[in-house]
Amino acid sequence: MLSREMPVPPSTSGSSVRVPLRALVAALGLAALALHPGSALADIFTYTDADGTVHFSNRSAGDARFKLYIKGDGRRSSTRPGVTPVAPSDKSLDRFSRYDAWIRQAATLYQIPEELVRAVIKCESDYDPRAVSPVGAQGLMQLMPETALRMQVRDAFDARENIFGGTRYLRILANLFNGDLDLTIAGYNAGEGAVMRYGGIPPYAETQAYVTRVRTYYARYKTTRDTTVASIEP
């Protein structure tokens, strides 16, 4: 169960992040680790020690054990050429309960709190499966095309596929960050490479606001039985 009140934070040393091998294997067993295009990424290096612990760092520091794992681009882009943004426009109240069965199924399959899946959908697309962001993220959980491909989503505008793909990605992030709720949410927005680079929530105003907003709705869904009431902007 994801929890920030009772977190299991990764051990850190300097700018590196240590991840138990079993967590990484579980993540890779679901799919290759997905990067969120448009995030500011540094090069990420990795090595596995004698105890089987996988170490990540944003620099090799002259240590020959570290090998390049992710090649970063060092920049953050707010737009993507060729993308036609589509703002959420579905205003019907029934949209908040329309996908209940699929949300429950995906949450159960990937062992992610149903309330967290709902919070991400609310913050990403306001429950509109036709939404497209300026950088090209698509559908209910706003999957980037590259992420959708890694999550085995053939059609990101198919509500069921999108929900299962996005929840699968949350499971990968939760595994990678040892169940830390804030890092899981931040990774969904900025990409796990950025979270590893900074050793925590990246210092992006967008990501910091996103974590707060998702946590707010997560709490609302946990305390309000009526999902429609919980989904309406306070």
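These legends walk through several close-up views of one predicted model. Local features rest on pLDDT of at least 70 and side-chain atom pairs on pLDDT 80 or more, while totals for chains, interfaces and linings use all residues. Residues are numbered from 1 along each chain as its sequence is written, and side-chain values use heavy atoms, with hydrogens and water left out.

**View 1. The whole chain, to get your bearings.** The protein chain carries nine helices and five strands, taken as DSSP runs numbered from the N terminus (helices: H or I, at least four residues; strands: E, at least two). Read from the N terminus, the order of elements is β-β-α-β-β-β-α-α-α-α-α-α-α-α. Of its 234 residues, 54% count as buried, where buried is under 20% relative accessible area, exposed is over 50% and partly exposed lies in between (1.4 Å probe, protein chains only). Among contacts with a separation of 6 or more, 60% join residues 24 or more positions apart; a contact here means heavy atoms within 4.5 Å.

**View 2. Inside the largest nonpolar core.** In soluble globular proteins, nonpolar side chains tend to be buried together. The largest such core in this chain has 45 residues, a core being a set of buried Ala, Val, Leu, Ile, Met, Phe, Trp, Tyr and Cys residues joined through side-chain atoms within 4.5 Å. Leu116, Val117, Val120, Ile121, Met141, Tyr188 and Val214 have the most contacts inside it. Helix 2 (100-110), helix 3 (114-125), helix 5 (159-176), helix 6 (181-190), helix 7 (192-198) and helix 8 (205-223) each supply at least two residues of this core. Helix 5 gives the largest share, nine residues. Zoom in on Ile121 and, leaving aside neighbours within four places in sequence, you will find contacts with Ile103, Asp126, Tyr127, Leu140, Met141 and Ile163.

**View 3. Helix 2 against helix 3.** The axes of these two helices come within 9 Å and cross at roughly 125°; axes are lines fitted to C-alpha atoms, for helices over the stretch in contact, with angles from 0 to 180 degrees between N-to-C directions. The pair is therefore oblique, the class left over once angles under 35 degrees (roughly parallel), over 145 (roughly antiparallel) and 65 to 115 (roughly perpendicular) are set aside. On the helix 2 side, Asp100, Ile103, Arg104 and Ala107 meet Glu114, Val117, Arg118 and Ile121 of helix 3. By class, this contact has four nonpolar, no polar and four charged residues. In the loop between the two helices sits Gln111, a residue other than glycine with a positive phi near 55°. Gln111 is exposed, at 64% relative accessible area.

**View 4. Helix 6 against helix 8.** Here too the axes come within 9 Å and cross at roughly 125°, so helix 6 is oblique to helix 8. Helix 6 brings Leu181, Asp182, Ile185, Ala186, Tyr188, Asn189 and Ala190 to the contact, and helix 8 brings Glu206, Thr207, Tyr210, Val211, Val214, Arg215 and Tyr218. Nine nonpolar, two polar and three charged residues take part.

**View 5. Arg130 in its loop.** Arg130 lies in the loop between helix 3 and helix 4 (145-150). With 48% relative accessibility, Arg130 counts as partly exposed. Neighbours within four places in sequence aside, Arg130 is in contact with Val86, Ser89, Asp90 and Phe157. Its C-alpha atom is separated by 7.4 Å from that of Leu140, 10 residues apart along the chain.

How values were computed:
Ala, Val, Leu, Ile, Met, Phe, Trp, Tyr, Cys and Pro count as nonpolar, Asp, Glu, Lys and Arg as charged, and the others, Gly among them, as polar.
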